[in-house]
Amino acid sequence: RKIDELLTEVFTKVKETYPESSEKLLKALKEQFGKKAIKETMKKMFEIYPQNPIAIGECWIQKINFEKILPMNIHNQFQLKDRKNGIAYVLLNSKIIPNKNAKAIDLGMFKMKYNLKGSQKGMIEIDEDTGITKTAKLNINLKGSILVMGMTIPMNLKGIIKIEEVK
């Protein structure tokens, strides 16, 4: 189902419960999680290629600033570990810090702001002919807080992100 349709469905249910805040909430949901925000986030996530050809063992750096969904700055270090049978094996080591420039998300009923930092590490396998990620397995570890309605809520997030090409 399309993300905007899902958000509209959520909006309809919220409107019944919180009619005074529903318009701001829908606007915030679409800004943070709508088609445009998801597209922008996915584009940034897959811009991982070095500007120039590199040899096995060499590294390159990429910095990504996210404003939507989970506002944060990610400083990525990639290293080409190997190349076999048309697959490039790329090691990823990331430092994640809060995006201090990100505005609080206005959900109508309240505002919310994230303050998360941590790391992300893993291996990415990329098809050398197409540039498409075949698989990736990343371990993510975030700590920090969410500021909601004047309350600071501690947060600790650990997880594994798996990406697999589907044909």
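Analyst: Let us begin with strands, which are DSSP runs of E with at least two residues, while helices are runs of H or I with at least four residues, and both are numbered from the N terminus. This is a predicted model, in which local features need pLDDT of at least 70 and side-chain atom pairs count only at pLDDT 80 or more, whereas totals for chains, interfaces and linings use all residues. Residues are numbered from 1 along each chain as its sequence is written, and side-chain values use heavy atoms, with hydrogens and water left out.

User: Okay, where is Asn85?

Analyst: Asn85 sits in the loop between β2 and β3, and those two strands form a hairpin with 2 residues between them. The phi of Asn85 is near 50°, which is a positive value in a residue other than glycine.

User: And is Asn85 buried or exposed?

Analyst: Asn85 is exposed, because its relative accessible area is 82%, and the cut-offs are under 20% for buried, over 50% for exposed and in between for partly exposed, using a 1.4 Å probe and protein chains only.

User: How many bridges join β2 to β3?

Analyst: There are 12 bridges joining β2 to strand β3 (residues 87-98), and the two run antiparallel; strands are said to pair if DSSP finds at least two bridges between them. Within this pairing, Leu80 has Val90 in β3 as its bridge partner. On another side of the story, β1 and β2 also run antiparallel and are joined by 8 bridges.

User: Which residue in β2 stands opposite Trp60?

Analyst: That is Phe78, and both Trp60 and Phe78 are buried.

User: How many aromatic pairs are there?

Analyst: The count is 1 aromatic pair, where rings of Phe, Tyr and Trp (its six-membered ring) pair if their centres lie within 6.5 Å, and planes under 30 degrees apart count as stacked, over 60 as edge-to-face and the rest as tilted. Trp60 and Phe78 make a stacked pair, with 5.3 Å from centre to centre and 15° between the planes. Because Trp60 lies in strand β1 (residues 59-66) and Phe78 in strand β2 (residues 72-84), the pair ties together parts that are 18 residues apart in sequence.

User: Changing topic, what does Gln120 touch?

Analyst: Gln120, placed in strand β5 (residues 111-127), counts as buried because its relative accessibility is 10%. Leaving aside neighbours within four places in sequence, the residues in contact with Gln120 (heavy atoms within 4.5 Å) include Asn76, Leu92, Leu138 and Ile161.
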